[in-house]
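Here is a short report on a two-part subject: selected residues and their partners, then the meeting of two chains. Please look over the sequence and structure first.

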Amino acid sequence: MQSSPPPLRVGLIGAGSISQVHAPAWRSLGAEVSVHSLTGAEALARAHGLSPVSTLDELWDRVDVVDIVTPTHTHADLALAAIARGKHVVCEKPLARSTAAAHEVVSAARSAGVHLFPAHVVRYFPAYAQAHAAVAAGRVGRVAVCRFRRMSAAPTADWFFDEQRSGGIVLDQMIHDLDQAEWFAGPAVRVFAQSIARTDDGGARAASATVTLTHASGAVSQCYGVWGHPHLPFSSSFHIAGDRGVLSHDSARQDGTRVQVADPRSGGYLPPTDVASSPYTAEIVDFAAAITSGQPANVTGADGARAVLVAEAVLSSIHTGEPVEVPAPADARLAGDTEEAADAVPAPERTEEGR
Amino acid sequence: MKQLRVGLVSFAHTHATSYARYLSGAPGVDLVTTDVGEADPGTLRGAAFAESLGLRYVPDVAALLAERPDAVVVAAENADHRDLVEQAVAAGAHVLCEKPLATTDADADAMVHAAQEAGVLLMTAYPVRFSPEFAELVGRVREGQLGQILSVHGTNNGKMPLAERSWFTDPARSGGGALVDHVVHLADLLDELLGEPAAQVHAVTNRILRSDAGRDVETGAAVSVRYPSGVIAQLDSSWSLPDSAPTWGGLTLEVHGTAGSMRIDPFDAHVAGYDAEGALWESFGPDLDAAMIGEFLDAVRTGRRPQPDGETGARTLAIVTAAQRSAATGQVVPVH
């Protein structure tokens, strides 16, 4: 182009696992990226050509977009602080630890007229995106029964297993598939869930949960999550059965490459990716395009809040042992694939309601 | 080898064909057959079915039992199992009964009791139990390779039985739809694998798949099971395979523990291809029906208890009936 727009100025908050895929994605777009983190900022900055900054105040001064990749319980406060300073926000899922906090963030972003993008990256995984397009085009007819599986070695950082901070496997891992279930089959009206956690003799923790969602459409979805033993490689799958056909995919059963080498990479908490074809890059590209062009992204703040709401209903079912009703997405602005969310005229009355 | 007279009662179930083929060629077995129940459209039954396989056929159950068979295989419609099994055990025959053992818990319990009273063996026909893949899974779990079990994910999906043997979709004859047809296989594998009866069940069903068929049964079924040790299971028993698929369906079971994981797909062994009409699926897995009947015949000859037995059939049916109650009420229900 003759006159390139100035590069995006991005502030990464956090330097954990996800930062290692978000940072190169931003850099691939030519963004200037600053990073602030309690630990690890220097190393991350060196690896990806970022500018480490030692305080949040320093970060606010340098950036237009904030990308929050911290532990879950800190998401909402950091997002609200960024929004208060007029920054666009990318926030790792879950958008917040609670539905109330998630709604507060969504309302604040709307009032401030800034973009808010919860990083529901599975919507950008090519198999899921392709299947969703095919289902939307009617290829399998009316959706009847969906299955979503997701598993990996259990994360090792303590906060993941602290339900107050992370929401456990449901809010951290299965929220991906709760979002997928509603993406494919529409709003859920009821959930039933069960979970188990065990610690082996060596002190290693593992957890698993199952969720049944009954959708307003009459469809039913099953989500299955495992934070397993250290040898369990990441994999995920889906199976969408409609009254005219079936679509399925299992990342563990792909045969695009076969490798025999001395030191095969295996296991780990994140799926292996490279920057150019990474769904994390596709996600960041989509968010960046929405910020610069004003076009809607494939996931909205309202979608992020809805996913937290469904996940909290799931936790409630686990705690009570009973099926739990899920409130209907009463306000389209809080539940649909809204195009207005980011660029809406600030609506003061919603601010009051939200706070 | 002890010579056995074996009666095959009814050709209603799909498996009657493979049972008849195996038994008619098994060494030391004198097979006699009869059929009961109403033939469904497009389904070869009765003397004509027997003739097509070269089977000796007698006109009714009384005539078959008058021959004093050592053992009887019941492959009737689900709702007829109790009556036929009770007649067979009253005649002193050991019985292998097609799955599900019955359509109600009361019937299943009565059948188990009747066999006990008569002093004969009762076995439930769960062929997947005899797959080498499942044997390997059980072996590894018992050896502790998976550590403590956390959860199990199971699928048993197939085509809705409509073109032939449509009694499977008539609740009065089958006892229900996709729940009763397919949950029992997974329930049996879990029964053997975990070694404890299920504690509680939740199920949601719907009728979106094949709603065009207009049958009064569920076609989609999502089941959750909890075991007393805390192990959780998620099962999909939907009739979700379209008629265009090149095979009948399949079953998968995946187990995750604190030290290891294992997934089995006992019906995966196949050669794939295409012909002018579409996809080809040529199975080459072992004959599970043969292995299962082999277990039954060996138990009859030696007098030992066959597995899975009648009690297993009753315990696993109880998961289905609990799922049916849960689907009807929306509640989590205890397993009887």
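Start with Arg173(B). It counts as buried because its relative accessibility is 17%. Buried means under 20% relative accessible area, exposed means over 50%, and partly exposed lies in between (1.4 Å probe, protein chains only).

This is a predicted model: local features need pLDDT of at least 70, side-chain atom pairs count only at pLDDT 80 or more, and totals for chains, interfaces and linings use all residues. Residues are numbered from 1 along each chain as its sequence is written, chains are lettered from A and ligands numbered from 1 in the order in which they are written, and side-chain values use heavy atoms, with hydrogens and water left out.

**Around Arg173(B)**

Arg173(B) sits in helix H7 (residues 171–174) of chain B. Helices (H or I, at least four residues) and strands (E, at least two) are DSSP runs, numbered from the N terminus. Leaving out residues up to four places away in sequence, Arg173(B) touches Glu38(B), Asp40(B), Glu77(B), Asn78(B), Ala79(B) and Trp167(B). Contact here means heavy atoms within 4.5 Å.

Two of these neighbours deserve a further look. The side chain of Asp40(B) makes a polar contact with that of Arg173(B) at 3.2 Å.

**Salt bridges**

Side chains of opposite charge can pair when their charged atoms come close. A salt bridge is a side-chain nitrogen of Lys or Arg within 4 Å of a carboxyl oxygen of Asp or Glu. Over all chains, the structure holds 38 salt bridges. Some of them are listed here.

| Pair | N to O distance |
|---|---|
| Glu77(B) and Arg173(B) | 3.0 Å |
| Arg56(B) and Glu67(B) | 2.8 Å |
| Asp255(A) and Arg258(A) | 2.6 Å |
| Asp236(B) and Arg147(A) | 2.6 Å |

What does the pair Glu77(B) and Arg173(B) tie together? Glu77(B) lies in the loop between S3 and helix H4 (81–90) of chain B and Arg173(B) in helix H7, so the pair ties together parts that are 96 residues apart in sequence. Glu77(B) is buried, with a relative accessible area of 5%.

Salt bridges that share partners also join Arg5(B), Asp30(B), Arg56(B) and Glu67(B) into one network. Arg56(B) is partly exposed, at 36% relative accessible area. In chain A, Asp255(A) is partly exposed at 47% relative accessibility. Arg258(A) is exposed at 67%.

**Where the chains meet**

How many residues of chain B are in contact with chain A? There are 43, and they meet 43 residues of chain A. The area buried between the chains is about 3,300 Å², with 56% from carbon and sulfur atoms. Buried area is the accessible area (1.4 Å probe) that two parts lose on being put together, summed over both. Leu150(B), Ile208(B) and Gln234(B) supply 19% of the area that chain B buries against chain A, more than any other three residues.

Three salt bridges are counted between the chains. There are also 17 residue pairs in polar contact (both at pLDDT 80 or more).

**Confidence**

Chain A averages a pLDDT of 90, and 89% of its residues score at least 70. pLDDT is the predictor's confidence in each residue, from 0 to 100. Over residues 332–355 of chain A, pLDDT stays under 50. Where pLDDT is low, the predicted coordinates should not be read in detail.

Terms used: A polar contact is a pair of N or O atoms within 3.5 Å; within protein, one must be able to donate a hydrogen and the other to accept it, and residues adjacent in sequence count only if both atoms are side-chain atoms.
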